[in-house]
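The points below are meant for a colleague who is opening this structure without having seen it before. They begin with the interface and then turn to the chains themselves.

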Amino acid sequence: DYHERCVQCSEVNWGVTDGGRFYCRTCHNVIERTREVVNTDVISNTRVQTISKGLRKQEKTDEGWEWYVCEGFQFVLKKQAEALEALGACPQMKDEILCNFWRRYLQKSQQAYCNRPAGEAIKVLSGCDSSTDVDSEPERPSLLHLLSFSESDGDLLTDCSFGSSTGKVSESTSVCSGSVDGSLHLMKNQKDKLRMSMPMTLSFCYMALLWLREPMTLSDLLRFVVEGHIPYLNVFQCFPEKMKLYGLDLKIFCVESWPVYEEVFNKMLQLAAFLELPRFPDITDICFLHPDMLCMKYLMEANLPDELHNWTCRVVKKIHIGETDFLTFAPGNKSTRKVKYDVLAAAVIVVVLKLLFLLDDHYEWLLSDVAEERNKNNKEDGPYFEFKKWYKVIKSSLDVEQKKLDEEKAKYLWRCEKPLFYSAKKKSKVLKRRQIVVNLQNQFGKLSGSVQPAEKPNPSSFQLNWSEENTNGSCFHGHSLKGILQEKCGLLTAMNPDYWLCTVKLCTEKLCGHLAHYRELDFPQSYHFVLRLFSFLLRIQPSYIHEEVCVIEHKLFNKKLYKKPKYNPGRRK
Amino acid sequence: TSHEHKLNFRKSKEACLSYIQDAMLQKQWKRAAEFLTFYTESLEKDFSTEYMGPSEMIWRIGTEILCHYSHSSMKEFNSFIEQMKTLGVKRYLKVCLEHAFHLLCNGRTDEAYQNLSLAESWRFGEQTTAQDKELKLIQAYRGLLDYYSWSKRKNVLLEYDKDGFEDLSVEQEMHSSFRKAVVNLKEIIQIPGVWDLFVKCYVDLLEFYGDHDEARQVLSDYAYNSKFPANPNAHVYLYQFLKRHGEPKKSLISVLKILHDIVPSHELMVDFHTLLQKSKKRKKRRLGLEVIFAALDYAGWKENVKAWSCLGRQFKQIIISEKHLDWIKQEWNSRKDWWPAFHFSRYLAKKNWQENESLAYEKALVAGILLGKDCKYFKYISHQGCKDQKKRFRTLKKFVNKHGPVYLRIS
């Protein structure tokens, strides 16, 4: 690593102390060079920072450590990885995959692991000390960080400096933050460097899950976040005591809204491209994320007959969306449309339902009556599937669950015990308010008998469960589709001869952001119902599923839609 | 893409609030309390510029729930309100005032007094002047409570007096309450407004200590000061005061005249009529007729026996003296189209006879004179009365028959 001669004894025999400093093993001279020890654990700055000259600023009163924004995010990711592990992800997730993605990100965004541009003085505006008057010291040379490297320091490749890059911070922005570079982090010019944010932590997680092909879709992940199994809201509570958050840090680390599927997904795509990741491990037909697998899961959850799986597989095969090349994520390849596995599977099921039942608010009910008739004479086989019965069962369950979900959303508690304030001046007011809130919660909680916050539901892959042991006939898994099929040339085909397309023409994604748009009023109620069901299960807007349905339909009926004029084969030479 | 469906803090709290409101409208207090528990953290983000922010919402909703929810105690309520007081300095005095009202409604007069005293001494820079109105109200209500303790002590002393006791300490307390009360009561009634209760109490105090001039001045001001909103009660109070002190009829009449102008259907109109009838002046008696007719125009007077009897008496007087029949004609002119159906229908005849014979008698007299002996009402009543061999009905029948042509003369 370091091969300079010791100034005292001229030997080249360097060791590293526990504090990370280089010392000469021969004469025990300690120099001020330190080695950066990268570790996903959060440890005191003394190890994590590289200092060349200047003093290490010790803890000033109770101000705590000086920490950088990316350290905060590193901590968040670590907590999230642990949670994922607890949910069943493999251990590589945390220590290898996620960790490496993160390191790569730090490198690419030049926050660490990189060679500093030569000669550039880097200054960082340190956090405001509430006891000093900022105006009198507009640009405190921060004690840590007058870093300058020359090209001759070749060995710095593996070292890193956690300073923020470029440019002088305007003296007029005397903004405060607990972190050293909070204000810099929020400045606009970070766009090309893909600024880190809380939603992006979930993008990291999803990317890692995808790499490892874990059986967790993005909608599952986001649901676990909302249910509290994965730290996100108020995760800063777990920061070490000495990592003080205030001022601009709040804008960075405090979350006031639930992550949106599209946002997390798109960020992931950007991230993968930014990190210049290679093609991800193949998604084959034995993977959980493969449409055949996911369809099976969703069919069960939607309480639909297992026999429908044959149909979903047929559709998947016909439009080639089960193929490895289609499904596997290749960040570098800009031409392919990126796959949302969960939405895709749900959309396939919707298409299959449309194929079999038409879902035009008439035919499915007629068909159901036909099935009912057949059921009356049906002695040997198991019961035939009747749409009407299924609709009744699902509708009432869905309404109950939706109502519960809506109430939960209204009862959501966003704040936590750890108080946050923009500045020390506000501290007492914030604490006072918090106390009042806690008192009121206790008072009215006791009055209504709901003092204890509801127990977190156990994390479960399935939100709706249907058991065949129920004798009240509300489980449709084992039902047969024979009631709505007919025999033709020895094969069972759908009785339904028709199909209606959701849209005749797809939009241009570049222009309006989507390939199709959804308005409830324009479509049959049965179709809307089915969308609503999957929308609930996946916790996304019906329009996303609808869009995917449109794309699938266009692939399925490609030939009919894009008819080319016939050419005369006789002309060929 | 806009993520309007995105669930964020604000939307979550809005949803929570609508659940609270629904529960309250359906009087599901427990459920409302439950959702309020989750709404309270809005206080930590009270940056809204809306008309009613979270802290005011919580104050008002919390008060409603605690008032109605039977499981809550006064102690809980008080502790809740104390917290609310710390939340919004701009609202501090208002909260104090409403807290005092609540305590009074629950019979906790002493606590209310303490609260008001405490609030009165509150000072907070600019806010003190900004909340001037509330401060005045607080002082006024404290004055009222001082009156109340004065009154209690006065009664105690009167009791003692009967038994021949004396108690200097009670007497001293009584005077002290008096002094405190008059200061505040005097203050508030100077502000244009409706201060009925305060005025009454103040006057009571003044009368007790013999300051009749001041009392009269106060009441006159209250009734006649054009800056004050028109208030019939003011005139009533003045009238009652003047009557109590044996003022000449002229003053009484002038006060009641204004009352008649504002509220022709006021219950004192009977008194007014009586006063006017006693007068020697023709104009006054003419006015009297107008007053009593006007009162009976109102549905609330339909079954007022006294009023009908007054009218009937004046009719008799006019008829027997054979003077001023034209007065009756003038009054009847605008009423002949609708009074018959309003007062003298056959249905009413039956009803009145069944329910109140005296009423029927008086009305029958009036009906007979105005409409003649053949009118439905008179016919029915006199028939019933004579059938029952009631003497006065026979007299009535004779009278109307004799003066039967009267109605001819006037219609």
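1. Between the two chains, 39 residues of chain B are in contact with 33 residues of chain A, where contact means heavy atoms within 4.5 Å. Please keep in mind that this is a predicted model, in which local features need pLDDT of at least 70 and side-chain atom pairs count only at pLDDT 80 or more, while totals for chains, interfaces and linings use all residues. Residues are numbered from 1 along each chain as its sequence is written, chains are lettered from A in the order in which they are written, and side-chain values use heavy atoms, with hydrogens and water left out.

2. Chain B and chain A bury about 3500 Å² between them, and 61% of that area is on carbon and sulfur atoms; buried area is the accessible area (1.4 Å probe) that two parts lose on being put together, summed over both.

3. Three salt bridges are counted between chain B and chain A, a salt bridge being a side-chain nitrogen of Lys or Arg within 4 Å of a carboxyl oxygen of Asp or Glu. A:Glu407 pairs in this way with B:Arg31, their closest N and O atoms being 2.9 Å apart.

4. On the side of chain B that touches chain A, helices H1 (9-25), H2 (29-39), H3 (54-68) and H4 (74-87) of chain B each supply at least two residues, helices being DSSP runs of H or I with at least four residues, numbered from the N terminus. H2(B) gives the most to this side, with eight residues.

5. Over the whole structure, a search finds 49 salt bridges across all chains. The side chains of A:Arg415 and A:Glu256 meet in a salt bridge at 3.8 Å, N to O. This pair links distant parts of the chain, 159 residues apart: A:Arg415 is in the loop between helix H14 (387-410) and helix H15 (424-448) of chain A, and A:Glu256 is in the loop between helix H7 (249-253) and helix H8 (261-274) of chain A.

6. An unreviewed UniProt entry carries the annotation "domain: Rrn7/TAF1B C-terminal cyclin" for residues 257-447 of chain A, and such annotations may be inferred rather than shown by experiment. Over residues 257-447, chain A is 62% helix and 0% strand (strands being DSSP runs of E with at least two residues), and the end C-alpha atoms are 29 Å apart.
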